[in-house]
Amino acid sequence: MVADWYDGFELTSLWSKDDSRYTLTLVNHGDVPVAGFSLGFSGPAPVSMDSPITGGRMVQRLSNYCEIAAPADFTLAPGASWVIEIGKLDFPIRHWTDGTTTAFVILADGDIRPALTRPVALAGSDATRKRGTMAMPVPEAPPVPVSIVPWPRLVEVGGRRTPPLGLAIMGENEATETVADNFTALTQFLFPGEGLVRDDEEGGYPVDIRFDRDLAEDGYVITFSTEGAEIAGGAYTGLFYGLVTLGQIQRGARLHPQSFCFPTEGTIEDSPQMRWRGCHLDVARRFYSSEEVKQFLAIMAWNKLNVFHWHLSDDESWRVEIEAYPELVEKAAFRGHGLDIPPLLGSGPENTGGYYTKDAIRDIVAVGEDFGIEIVPEIDVPGHCYAMLQALPQLKDAGENGLYYSIQSFPNNCLNPAVDAVYDVVETIFGEMIELFPSAFFHVGADEVPVDAWASSPKANAMRKDLGVEGAAPLQAAFLRRLQEFLTAQGKVTGAWEEAALGGGIDKDNCYLVGWHKVESSQRLAAEGYQVVVAPGQAYYLDMANGPDWHECGAAWAGWSSPETTYAFAPTAGWSAAETANLMGVQACIWSEPMSERAVFDRLVFPRLSAIAETGWTAPERKDFARFAALVGLMPNLYGTHESP
């Protein structure tokens with residue numbers, strides 16, 4: 001139903017699963033007939049290049065953006081409809097977020113009119129689309145007396161007191177006071193107005209904090225008494241995590257006093273199971289403001305996650321200010337109709353997107369440090385570089401006259417290892433970024449290079465001949481080894497996705513790889529001697545749907561994973577001792593293709609992010625999904641949206 005005042009265009013779409021037919025219907029709610037127009041639209045599922053189309057003709061297509069022109073003799077009268085039948089998509093629509101999310105009409109004079117775009121419907125289904133964080137209410141009788149996520153190594157507490165209004169934190173020196181100040185900042189990010197940290201004059205519960213160098217750096221001990229609590233931490237992060245735990249206990253008892261208690265005796269002893277407890281965020285497919293990123297870092301800290309893998313470039317955009325190449329943000333940070341990069345993934349016809357200035361990055365990195373989070377940048381090369389190549393076309397081999405396509409249907413989207421200028425540009429970019437990111441790690445991507453990449457490039461073919469190799473993988477390996485040498489000389493450890501092991505791979509002694517494509521990938525990499533971060537799409541990719549049903553949002557190429565499935569996944573099941581020795585940890589991956597709404601983000605990420613955090617922190621024998629499900633409803637999400645009853 002359209003409001004009476006609306007006088008524009010409306011687009012609806014229908015997916016017929018039985019015959020894989022996709023139908024678009026454009027309605028003219030205005031009072032003027034239109035002719036000689038076309039429809040631009042985008043969403044995660046691309047229209048196939050060879051798709052039969054009834055009712056119009058394809059005039060432009062890049063990945064998931066498509067433009068279809070109306071027949072020359074067709075006029076869309078007021079109140080009338082134009083129906084387009086699309087016979088083939090690159091992949092079937094399995095969830096309601098797969099379809100068209102934004103559309104607009106391009107009139108004969110070039111004027112642009114946005115269309116009210118409805119989410120795709122499934123033929124024969126009237127199921128309510130799921131949005132917002134999945135409801136996991138706190139039970140009246142939870143299985144444990146205190147609310148803590150992830151669950152600690154040892155909890156032996158007793159007694160009960162009226163939940164304190166807040167915590168009055170007292171440090172023994174300037175270093176501990178810094179921890180207290182940064183924890184206070186964390187609570188203000190997450191729970192503004194609650195007064196979780198307050199002075200004793202305002203009813204704050206006494207909390208003494210100190211360092212105990214006999215504890216592990218990330219370890220802490222909380223001791224409760226009737227007079228207050230003491231937290232000892234092995235180092236900055238241990239003390240910080242102890243405060244997070246105490247803050248969670250206070251909020252649980254205060255918000256649900258009939259379910260949880262605030263102890264007056266006993267201890268909590270804790271330290272993490274894994275050293276790498278990460279989360280990746282793709283800001284290339286969709287842009288997140290600096291404030292959103294900092295808010296997400298705060299959520300990570302509340303989950304005791306300690307590595308933020310920041311995916312800053314991809315085919316769809318470039319997000320980092322680089323002084324040597326201002327064209328990167330001028331041409332590749334924004335998408336829109338008539339720009340170098342068209343509207344993709346529902347970004348709309350307007351100039352849409354953004355980038356992070358160097359000052360913004362410094363600010364975000366500082367917030368991460370305050371919250372105990374190491375920020376690892378990623379610039380994805382040599383694949384996923386369509387946006388970069390639009391901005392810097394001089395990096396192409398001018399003699400390359402053929403086409404190859406990525407899995408996401410971008411043409412010729414890879415930096416060419418045989419073009420000398422590529423190395424100067426990439427090393428200059430990396431050099432500027434190294435000044436911004438103090439992390440020991442720098443991630444270079446290396447995923448999803450098409451097997452036929454550079455097949456028609458004379459320079460690449462000459463390089464193959466010189467190396468005595470065939471295909472794309474050996475060229476990528478040579479490219480990556482050269483970048484690794486540069487990063488090693490700068491004091492950095494090279495990170496990459498699992499494909500960096502192909503074609504001869506990169507030096508195992510100064511790198512880590514992220515296993516993602518299959519559950520078995522990480523074990524295989526560990527057996528080959530690589531340091532490994534486990535992040536399988538089947539369990540830890542948070543863009544995958546929570547379930548198989550149409551009404552769930554999210555992607556489906558790796559299947560689906562419910563919170564319980566994600567929680568139960570055992571990263572090293574079946575690994576040998578030698579393979580396990582190469583485990584660095586686990587990582588959630590947030591790819592942003594389906595994140596068309598804030599409520600979609602919240603539903604896909606939460607509570608599964610906390611499930612992965614508990615796997616990274618809590619020993620396997622201490623994990624318990626029933627306990628987790630009873631507690632996780634108290635954990636914050638990013639946008640404050642929740643599933644409708």
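Predicted model: local features only at pLDDT ≥ 70, side-chain atom pairs only at ≥ 80, totals over all residues.
Which residues in α1 and α3 meet?

**View 1. Helix α1 against helix α3.** In this view F183, L186, F189 and L190 in α1 meet K294, Q295, A298, I299, A301 and W302 in α3. Sorted by class, this contact of α1 with α3 has eight nonpolar residues, one polar residue and one charged residue. The two helices, of which α3 covers residues 290-302, pack at an angle of about 115°, and their axes are 9 Å apart, which makes α1 roughly perpendicular to α3. The crossing in which α1 passes α3 is left-handed.

**View 2. Helix α1 against helix α2.** Helix α1 (residues 174-190) is shown here with helix α2 (residues 236-255), and their axes come within 10 Å and cross at roughly 45°; α1 and α2 are therefore oblique to each other. This crossing of α1 and α2 is right-handed. On the α1 side the residues in the contact are T176, T178, V179, A180, N182, F183 and L186, and these meet Y236, L239, F240, L243, V244 and G247 in α2. By class, the contact of α1 with α2 holds nine nonpolar and four polar residues, with no charged residues.

View 3. S42 has its place in strand β4, which spans residues 38-42, and with a relative accessible area of 2% S42 is buried. The side chain of S42 reaches the backbone nitrogen of G346 at a distance of 2.7 Å. When neighbours within four places in sequence are left aside, the residues in contact with S42 are N64, Y65, T100, T101, T102, P343, L344, L345, G346 and S347, so that G346 is listed among these contacts as well as being the partner of the S42 side chain.

View 4. Y65 lies in strand β7 (residues 65-69) and, at 1% relative accessibility, counts as buried. The side chains of Y65 and E67 are joined by a polar contact of 3.3 Å. Residues up to four places away in sequence not being counted, Y65 touches G40, F41, S42, Q60, F104, I106, H337, P342, P343 and L344. P343 and L344, included in that list, are also in contact with S42. The C-alpha atoms of Y65 and T117, which are 52 residues apart along the chain, are separated by 15 Å.

Definitions and conventions:
Residues numbered from 1 in each chain as written. Heavy atoms only, no water. Helix = DSSP H or I, 4+ residues; strand = E, 2+ residues; numbered from the N terminus. Buried < 20%, exposed > 50% of the residue type's maximum accessible area, 1.4 Å probe, protein only. Polar contact = N/O pair within 3.5 Å; in protein donor to acceptor, adjacent residues only side chain to side chain. Contact = heavy atoms within 4.5 Å. Axes fitted to C-alpha atoms, helices over the stretch in contact; angles between N-to-C directions. Parallel < 35°, antiparallel > 145°, perpendicular 65-115°, else oblique. Left-handed = near helix turned anticlockwise from the far one by under 90°. Nonpolar A, V, L, I, M, F, W, Y, C, P; charged D, E, K, R; others polar.
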